[in-house]
Amino acid sequence: MRLRSLGVALASTAALITLPVIAPSAAAADTNLSQGRTATSSSTENAGTPAAAGVDGDTGTRWSSAATDDQWLQVDLGTTASINQVVLTWEAAYAKDYKIQSSADGSSWTDLRSVTDGDGGTDTLAVSGQGRYVRMQGIHRATPWGYSLWEFQVFGTTGGTQPGTCGTANAAQGKASSASSTENAGTPASAAFDGSDSTRWSSQASDPQWLRVDLGSVQDLCKVDLNWEAAYARDFQLQASADGQNWTTLKTVTGATGGRASYDVSGSGRYVRVLGTARATPYGYSLWEFAVHTGGGGTPPVEGGGDLGPNVIVVDPSTPNLQQKFDQVFAQQESAQFGSGRYQFLLKPGTYNGINAQLGFYTSISGLGLNPDDTQINGDITVDAGWFNGNATQNFWRSAENLAITPSNGTDRWAVAQAAPFRRIHVKGGLNLAPNGYGWASGGYIADSKIDGTVGPYSQQQWYTRDSSVGGWTNGVWNMTFTGVQGAPATNFDSGPYTTLDTTPISREKPFLYLDGNDYKVFVPAKRTNARGVSWPANAGTSLPLSQFYVVKPGATAATINTALAQGLNLLFTPGVYHLDQTIDVTRANTVVLGLGLATIIPDGGIDALHVADVDGVRLAGFLIDAGATRSDTLLRIGPAGAAADHSANPTTMQDVFIRIGGAGPGLATDSVVVNSDDVVIDHTWIWRADHGEGVGWETNRADYGLRVNGDDVLATGLFVEHFNKYDVLWNGERGRTIFFQNEKAYDAPNAAAITHDGIVGYAAYKVADTVNEHEAWGLGSYCNYTSDPTIVQHHGFQVPVRTGVRLHSLQVISLGGKGQYAHVVNDTGAPTSGTDTVPSKITQFP
C-alpha cells in the first residue's frame, strides 16, 4: 500500500492521529534495532544522502529524498520484532504529515502511528506493533525540499529465537591436527591442542603458514583463543571449512601484538585453522595453545562485511610489479575457457601509467571510484584472439567497468564475443572491436560509456550499445543496434546493419563496488526513463555499506547464504565456483545479489539455482549460473507462478547474469530462465546451451527453453540466447519489449524430425505466444548452423501472432555457410535463405 493524498491520511482512525510527544528516553525503550541495518528508500536527493545514512548512528549524516510528497524511508530489522518506540531526528527539511508503518514482508503495511502538523526537530513516538520492516511514509512536506532525517531509530525487542551462548569448553583440545610445516620434531601441530601452555607448535620461517584442527563434525563456532609464543603472527586469518578444502574466513586480523588474545567469530565448520600471512619476527609462527569454542545451541548470526577473499586483486598506482600481476593472471586465463579460475582486479582511484591489462576468461577489471574518470589508465585494457588463431568468436566471460582509458596508440582493442560487458567506461580515444588481423568476431555489449573517438566494429557480426556517447561509428556486418546513444548512426536497416532508437525506455545501471575513503560500498543506481547518454557524473542512486552484504567466499554453503538473506543482508559473491545443495531464495525487496570476477553458481542434485520472490527492486548482477549434471527444472526463476504485483515504480533487474548448460561438463535443465514477475528489466544476458566443450550432445546437455517470459511489461535490452532444444525465447506476457536479440539455433539437431512440432520444422528462435495482444521488438537476428544435418530447412526464425499490437522492427535470418536454411523470416513471411554465401534475409517491419 502506498499513501497518495491527504485524504488517505485523514481517513485514519482518530485514535492514531496525534502530534509528536515527548516519551520516555530511548534507553527505556529496549534495544535500538535499526542501527546499521539494511535501509532503502523511495528516492534519494543525491549520492551523498543515501538511505543508509538515516540508520548509521551518526547525526552528522542524513538521508534526504526527492522533492515530492509521497516518499518513504524503510529499515529491515532482519527478524520479526515487537516495536514500542520510534525516534525521528529531522533535518530542516521535515515532514508535516507522515505515518510510521510496519510490515512482515516489506509489501503489506500496517499503520502504527500517524502524525499531523509536525514541527520538525526530534519526534519520539510511542508505538505498539510487530514487524520485520518499519518505515516512515511521508504524506506532506513542511518545506519545498524533500524529507530529510539525520536518524531514524526503531526500539523494541526481537521476537525470534536468539543465538545460544558461547560455550566455555575447548572443543579443539585433543583433536586431530595438522600444519603446513613444523620447525622440528619437538614442535608438532598436536602440541597446540594438548591443553598445555608449556608445549608448542612452531612452523618454518616463511610466509604463509597454517595450523588446523579437525573438530570431528560441523559445529557452530563462536570464539577462538590464541596463546602466542614470542614468535607470533602480525597478520593472520581465522578460517573454517566443512571439508578441509574450501575455506571461509571468519576473522581477518592485522597488526596483532602476540600474547593471549580471544576473537569472537560467527560461522560453522568441522575444520578450523589459523592462516598466518605475515610474521612479526624473523622466526616462524609459534603457538602454545589454539582453543576453539562452539555455540551452546543457537546459530550465530551471519556477519556482513569483511575482506574480499583470495581472488580479488586490489591495486593502486604505487603497487609494485603491477604489469606482472596482470600478465600472470592473463597467462593462466587466456585460453582457460572452461577452467575454474576466477579473478577480479579492483583499481583504486588514481592515475596508472604505461600498463596493458590483457583480459582472459573469467577476469574482470573495475575502477573503485564513484565515477569512471576517478581511475585513469594511460595504457590499454586489451582483449584479442591470439589464443584462438585470431578468431574472437569464443572470447566470452570477461568484463571491464568504471574507469577511463587513454589508449597508448590512440585506439583500445576490445575484441569480444558474448558475455563480455563493457560498462561505464570513458575511452579517451577510439575503440576497435575486432581482433588483430580482422578475424571473425561475434559480440557484444556497451552501456553507460563515453568513447571520445570512433568505434570500429569491422568484423563484428552484431553489437548492442545503450545509453552512451560515441565520436563516430564505422561499418558493421549484420546487426548493430543503438538506444539512447549520442553520436550513433541513423537507422539504415534496408541497406545496412543499423537500427537506432533515440532513447532507452527504461534503464537502470548495474550496481558496482567503490571506495568511500577507506570503506567499500556498493552503489545502486536509480532507474531512468527515456534515457540518453551516460548516467555519470550525476550518479542518482543509493550507496550501501559493505557491512550490509554477506561477502560470499569459496567454501560458503547455500545454508549460510540463505541465512544471510533471511537476516536482511545482501550478497556479494567474490570470484569462485560455488556448488549449491539448496536453492538460493531471495525474498526481500531491494536485495542486491552482485558477483565479482564472473562468480559461478552450480546447482547440484537437480535443484534450482536461484529463486526471487514477487517483490520490488531486486538487483541481480554480474554472475554465471552453470547447470549441474542432474536436471534442474529452472536455473533462475524471477517471481513464482501466477505473480501479479505491480513493480513498475521499482522493477527487478537482471544484468550481466549469464546462464550456461554444458561446456564445462554435462549440464541439464528444462528451463534456463523463467520470468513470472511483471515489469522486470533484463539488461544484457547470454543464455547459452553449449555447442562445444565437455559434456555436449543433443541429449547430454539438453535444455528445452532458454528464456520463458510469463510476466507482463517485461523489457529486455541486449538479449543473447542460443542453441536450445526447443524455443530459445518463448514470450507469454503482455506488452513485452525486446531491444536487440542475437540467436543461433542448435547446431546439433540430429535431423528435421527431431525438431518438428505442430507440422512445423524447427522451433522459432523467438516465439510470441498466440494469446498475446501487445508486443514489440527491434534489432533481431537468428542464424542457423546445422552441422549435424545441413539439409535441415527451418520454417522460420520468428513466430508471432498477427495483430495490430504485435510489431517487429529490423529482423533477419542467416544461414551460416549453408549449413541448413530458413524458409522464411517470420511466420510465413520473408524470402528464404539460400546457398553458402551467408547473406541475410531481412524484413524491416512486420506486419
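Biologist: Where is glutamine 418 found?

Modeller: Glutamine 418 is found in the loop between β23 (411-413) and β24 (422-427); strands are DSSP runs of E of at least two residues, helices are runs of H or I of at least four, and both are numbered from the N terminus. This is a predicted model, in which local features need pLDDT of at least 70 and side-chain atom pairs count only at pLDDT 80 or more, while totals for chains, interfaces and linings use all residues. Residues are numbered from 1 along each chain as its sequence is written, and side-chain values use heavy atoms, with hydrogens and water left out.

Biologist: Is glutamine 418 buried or exposed?

Modeller: Buried means under 20% relative accessible area, exposed over 50%, and partly exposed in between, with a 1.4 Å probe and protein chains only. Glutamine 418 has a relative accessible area of 2% and is buried.

Biologist: Which residues does glutamine 418 touch?

Modeller: Contact means heavy atoms within 4.5 Å. Not counting residues up to four places away in sequence, glutamine 418 touches several residues, including Phe396, Trp397, Trp686 and Phe720.

Biologist: How many aromatic pairs does the structure hold?

Modeller: Rings of Phe, Tyr and Trp (its six-membered ring) pair if their centres lie within 6.5 Å; planes under 30 degrees apart count as stacked, over 60 as edge-to-face and the rest as tilted. The structure holds 35 such pairs. One of them joins phenylalanine 396 and tryptophan 686, tilted, with 4.5 Å centre to centre and 45° between the planes. Phenylalanine 396 lies in the loop between β21 (375-382) and β22 (398-406) and tryptophan 686 in strand β46 (residues 681-689), so the pair ties together parts that are 290 residues apart in sequence. Both phenylalanine 396 and tryptophan 686 are buried.

Biologist: Which residues do ring pairs link into a cluster?

Modeller: The cluster contains Phe338, Phe361, Tyr362, Trp387, Phe388, Phe396, Trp397, Trp686 and Trp688.

Biologist: What lies over the face of tyrosine 362?

Modeller: A charge sits over a ring if NZ of Lys or CZ of Arg is within 6 Å of the ring centre and within 35 degrees of the ring normal. Over tyrosine 362 lies arginine 342, at 3.7 Å from the ring centre.

Biologist: Which residues of α2 are buried?

Modeller: In α2, these are Leu322, Phe326, Val329, Phe330 and Gln333. The arc is that of the directions from the helix axis to the C-beta atoms. Seen down the axis of α2, the buried residues fall within an arc of 100°, so they line one face of the helix. They pack against β17 (312-315), β18 (343-347), β19 (350-358) and β20 (363-367).
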